[in-house]
Amino acid sequence: MAIGNVRQTIAVTGDGQLQKYVGASATTITKARIMAVQAQATAAGGSVKIYNEDDSSKTAAALVFEAQWGTADNSDFSVKIPGDGIYCDTGMYADLTNCDFLVVTGAFT
């Protein structure tokens, strides 16, 4: 996948498959290059895990990104992924703990 057409996912507020808009319709992302991750904690110990999966299996071998941050409510988290980013060829499933929202920036199909 060439890196172009960089955009953001639809913000998620709980566990689930990451999606993008196609026109006015939410569509599941099937392939992606994760280039940045932004989130906000609801309490101390915010946590985000992203799996290269198209469902809630959450197998350890499919874990491609994990971050923990924050000592209080509303702690922001933002990270840019260097180089070509993190490639997901199946989809992106997010597992959130103590997290208000998650947005991923990248190139998606």
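Leaving aside neighbours within four places in sequence, D95 is in contact (heavy atoms within 4.5 Å) with D15, S47, V48, K49, Y51 and K58. The model is predicted: local features need pLDDT of at least 70 and side-chain atom pairs count only at pLDDT 80 or more, whereas totals for chains, interfaces and linings use all residues. Residues are numbered from 1 along each chain as its sequence is written, and side-chain values use heavy atoms, with hydrogens and water left out.

**Residue D95**
- D95 lies in strand β10, residues 93-97; helices (H or I, at least four residues) and strands (E, at least two) are DSSP runs numbered from the N terminus.
- The relative accessible area of D95 is 13%, so this residue is buried (under 20%; exposed is over 50% and partly exposed in between, with a 1.4 Å probe and protein chains only).

**Residue G16**
- G16 is placed in strand β2, which spans residues 16-17.
- With a relative accessible area of 13%, G16 is buried.
- Apart from neighbours within four places in sequence, G16 contacts M92, Y93 and A94.
- A separation of 8.7 Å divides the C-alpha atoms of G16 and L96, which are 80 residues apart along the chain.

**Sheet arrangement**
- An open sheet is formed by four strands in the order β2-β10-β6-β7, with antiparallel pairing; two strands pair if DSSP finds at least two bridges between them.
- Strands β2 and β7 (63-69) are the edge strands, each pairing on one side only.
- Five bridges join β6 (residues 46-51) and β10 in the antiparallel sense.
- I50 stands opposite A94 in β10.
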